[in-house]
Amino acid sequence: MKISDPPVIVSQTFALAKDELWKVITELDHMREWFFDSIPAFNPKEGFETSFTLSTGEREFEHVWKIIEVVDGSKIVYDWSYTGYQGRGLVSFELEGLGSETKLTLTNTTTEDWQDDIPEFRRESAEGGWDYFINQRLKKYVAEA
């Protein structure tokens with residue numbers, strides 16, 4: 001993905017109150033169930049940093065996250081990069097309360113061009129990955145909780 005590309009945006013409405021969905025997307029025990037089970041620690045506070053490594057079989061990716069913005073209960077923004085690879089992005093999770101339901105909008109914006117030669121850094125990969133995490137994993141987790 002390139003800075004010139006439009007952001008990847010995925011929205012989903014959940015049958016869960018806003019404060020409950022906030023917990024699901026910011027509390028470590030929940031995040032390990034629907035997002036990445038190898039997240040070592042998480043604190044939804046500006047300045048918090050964490051990293052963890054995942055393997056695709058061909059490559060290892062050390063995910064590096066730094067929380068750069070938090071509006072408690074409504075919005076959290078990560079600076080997202082990978083150790084040893086060119087590229088950087090912002091990922092924001094924004095919640096909008098709709099009575100007993102909550103709309104989550106995820107926005108993935110490139111802030112430094114990603115390497116062209118890595119398939120996982122292509123737009124199609126980001127679109128598919130975010131669709132998987134939000135519209136499949138998170139949706140299923142919330143429905144079963």
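This passage looks at the salt bridges of a predicted model, and then at one serine in a strand.

Searching the whole structure turns up six salt bridges. One of them pairs glutamate 120 with arginine 59, whose side chains meet at 3.2 Å, N to O. This pair ties together distant parts of the chain, with 61 residues separating the two partners. Glutamate 120 sits in the loop between β6 (101–112) and α3 (123–144), while arginine 59 belongs to the loop between β2 (49–55) and β3 (60–71). As for solvent, glutamate 120 has a relative accessible area of 30%, so it counts as partly exposed.

A second case is helical. Here glutamate 127 bridges to arginine 123, and the closest N and O atoms are 3.0 Å apart. Both residues are part of helix α3, where a spacing of four residues amounts to about one turn of the helix. Glutamate 127 comes out as partly exposed, at 36% relative accessibility.

Then there is aspartate 79, which meets arginine 88 side chain to side chain in a salt bridge of 2.9 Å, N to O. The two partners fall into separate accessibility classes: aspartate 79 is buried because its 14% relative accessibility is under the 20% cut-off, whereas arginine 88, with a relative accessible area of 30%, is partly exposed.

Turning to the serine, residue 92 is found in strand β5, which covers residues 88–98. Setting aside neighbours within four places in sequence, the contacts of serine 92 are Ile76 and Val77, along with Thr105, Leu106 and Thr107.

Note on methods: Residues numbered from 1 in each chain as written. Predicted model: local features only at pLDDT ≥ 70, side-chain atom pairs only at ≥ 80, totals over all residues. Heavy atoms only, no water. Helix = DSSP H or I, 4+ residues; strand = E, 2+ residues; numbered from the N terminus. Contact = heavy atoms within 4.5 Å. Salt bridge = Lys/Arg side-chain N within 4 Å of Asp/Glu carboxyl O. Buried < 20%, exposed > 50% of the residue type's maximum accessible area, 1.4 Å probe, protein only.
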